[in-house]
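Subject: Structure handover

Hello,

Here is the structure for you to look at.

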Amino acid sequence: MIVFVAPGEGPCRGAWVAGRRVGPAVVRNRARRLLRQAWWELWPRIDDGHDVVLVARSSLEGAGAPEVTEEIEGLLHRAGVMRR
């Protein structure tokens, strides 16, 4: 998965995207649900003033919610926008 971070104003905002390359509609919807769930678990720890876009990739298929959350958490730490 890919995480894009841009400076924003006010509280952090998030968006999640799953394009057609991810798979058929059922797979894309599941990918978006996983990204959304991970976002709601992690957003309180993200610094204000950032806009974050989570992009699903085809490798997300078959992954569980804890794996996705852990991966996004690591990416956000590397981006320097997440509090410990």
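First, the ground rules. This is a predicted model, where local features need pLDDT of at least 70, side-chain atom pairs count only at pLDDT 80 or more, and totals for chains, interfaces and linings use all residues. Residues are numbered from 1 along each chain as its sequence is written, and side-chain values use heavy atoms, with hydrogens and water left out.

The helix pair

Start with helix α1 (residues 25-42) and helix α2 (residues 65-79). Helices are DSSP runs of H or I with at least four residues, strands are runs of E with at least two, and both are numbered from the N terminus. The axes of α1 and α2 lie 9 Å apart, and the helices pack at an angle of about 60 degrees. Axes here are lines fitted to C-alpha atoms, for helices over the stretch in contact, and angles run from 0 to 180 degrees between N-to-C directions. α1 and α2 are therefore oblique to each other. (Under 35 degrees counts as roughly parallel, over 145 as roughly antiparallel, 65 to 115 as roughly perpendicular, and the rest as oblique.)

Which residues of α1 and α2 meet? From α1 come L34, L35, Q37, A38, E41 and L42. From α2 come A65, V68, T69, I72, E73 and L76. Contact means heavy atoms within 4.5 Å. The residues of this contact divide into eight nonpolar, two polar and two charged. (Ala, Val, Leu, Ile, Met, Phe, Trp, Tyr, Cys and Pro count as nonpolar; Asp, Glu, Lys and Arg as charged; the others, Gly among them, as polar.)

T69 sits in helix α2. T69 counts as buried, because its relative accessibility is 11%. (Buried means under 20% relative accessible area, exposed over 50%, and partly exposed in between, with a 1.4 Å probe and protein chains only.) Not counting residues up to four places away in sequence, T69 touches A38, E41 and L42.

The core

In soluble globular proteins, nonpolar side chains tend to be buried together. The largest nonpolar core in this model has 24 residues. (A nonpolar core is a set of buried Ala, Val, Leu, Ile, Met, Phe, Trp, Tyr and Cys residues joined through side-chain atoms within 4.5 Å.) Those with the most contacts inside the core are L35, L54, A56, L60, V68, I72 and L76. α1, β3 (50-55) and α2 each supply at least two residues of it. The largest share, seven residues, comes from α1. Take L76: leaving aside its neighbours within four places in sequence, it is in contact with V3, L42, I46, V52, V81 and M82.

Partly exposed residues

R30 lies in helix α1. R30 counts as partly exposed, at 34% relative accessibility. Neighbours within four places in sequence aside, R30 is in contact with L60, G62 and A63. R30 and D47 are 17 residues apart along the chain, and their C-alpha atoms are separated by 27 Å.

G14 lies in strand β2 (residues 13-17). G14 is partly exposed too, at 31% relative accessibility. G14 touches W39 and V52, not counting residues up to four places away in sequence.

Best wishes
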